[in-house]
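Let us read a protein chain together, one feature at a time.

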Amino acid sequence: SGLDPAQPYFQGTPIEVRLDKTDAEFVDVIHTDSAPTIPNLGFGIRPAIGHVDFYPNGGEEMPGCDKNGLSQIVDLDGIWEGTRDFVACNHLRSYKYYSDSIIYPDGFLGYPCASYDVFDTENCFPCPKEGCPNMGHYADKFKGKIKSDFLKLYLNTAETKDFPLWRYKVTVTLAGKSKVKGYVNIALYGSDGNTRQHQITEGTLRPDNTYTKFIDAEVNVGTVKKVKFLWNNNWINPTLPKLGAATITVQSGIN
């Protein structure tokens with residue numbers, strides 16, 4: 001398992017010099033700091049070099065690493081670790097994701113995708129029939145299912161521990177008499193837990209229109225038991241418009 005393998009002096013070198021999938025029967029890689037070293041100070045290698053290569057949050061900037069230095073130094077486990085994390089936060093996220101992955105065997109699903117830009121479209125969801133590998137400790141469960149030379153996988157993580165998120169596609173068709181400006185929020189309630197409210201859309205809400213959003217939930221809800229639908233308009237409207245949901249469809253990424 002390559003935890004953000006180094007970029008300076010290694011990227012672009014022969015495979016004998018750097019980590020490569022010929023080094024072992026199964027090589028999985030987590031890329032968390034793969035922006036160019038100059039000028040972005042990325043420490044991690046960018047190209048796919050293993051049997052499976054995970055690019056959480058796109059592989060360059062990790063959520064939570066853009067906090068100001070002082071808050072990060074004070075928040076974390078002591079000043080030394082906080083200072084180190086501030087200087088190399090993206091780079092060090094790789095081992096933190098890995099350690100969380102040991103505790104969450106069903107977490108960190110990586111979706112096969114051409115790029116992070118395409119990850120938010122319907123092209124990379126749900127998992128293909130052979131399934132999606134789990135980033136981190138359980139990646140090797142996917143050994144033997146790989147069909148391509150290089151498999152690039154994308155996922156999102158939380159800003160702070162615990163890092164895994166579970167991806168759902170939520171489609172809402174609105175019901176009502178007239179259009180109104182505002183936002184729609186959804187919360188999922190399931191056999192294994194409930195999510196917070198996630199915004200599906202904001203702007204002009206039109207009855208009979210369908211709105212789709214991918215949400216990365218902080219919990220694996222299991223079997224969906226109910227869905228909470230909440231809408232609000234952005235300002236006081238004396239006509240007291242009413243809006244409901246004709247249908248709500250929830251699709252889990254894993255199946």
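Q: What should I know about the model and its numbering?
A: The model is predicted: local features need pLDDT of at least 70, side-chain atom pairs count only at pLDDT 80 or more, and totals for chains, interfaces and linings use all residues. Residues are numbered from 1 along each chain as its sequence is written, and side-chain values use heavy atoms, without hydrogens and water.

Q: Is strand β3 buried or exposed?
A: Strands are DSSP runs (E, at least two residues), helices are H or I runs of at least four, and both are numbered from the N terminus. Buried means under 20% relative accessible area, exposed over 50%, partly exposed in between (1.4 Å probe, protein chains only). Strand β3, residues 52-56, has five of its five residues buried. Val52, Phe54 and Pro56 lie on one side, Asp53 and Tyr55 on the other.

Q: Which strands pair with β3?
A: Two strands pair if DSSP finds at least two bridges between them. Strand β2 (residues 28-30) runs parallel to β3, joined by three bridges. Val29 stands opposite Asp53. Strand β5 (residues 151-155) is also parallel to β3, with five bridges. There, Tyr55 faces Tyr154.

Q: Where are the cis peptide bonds?
A: Most peptide bonds are trans. Pro126 sits in the loop between α5 and β5. Another cis bond runs from Lys161 to Asp162, omega near 0°.

Q: What is phi at Phe108?
A: Most residues other than glycine have a negative phi. Phi of Phe108 is near 60°, a positive value. Phe108 is buried, at 1% relative accessible area.
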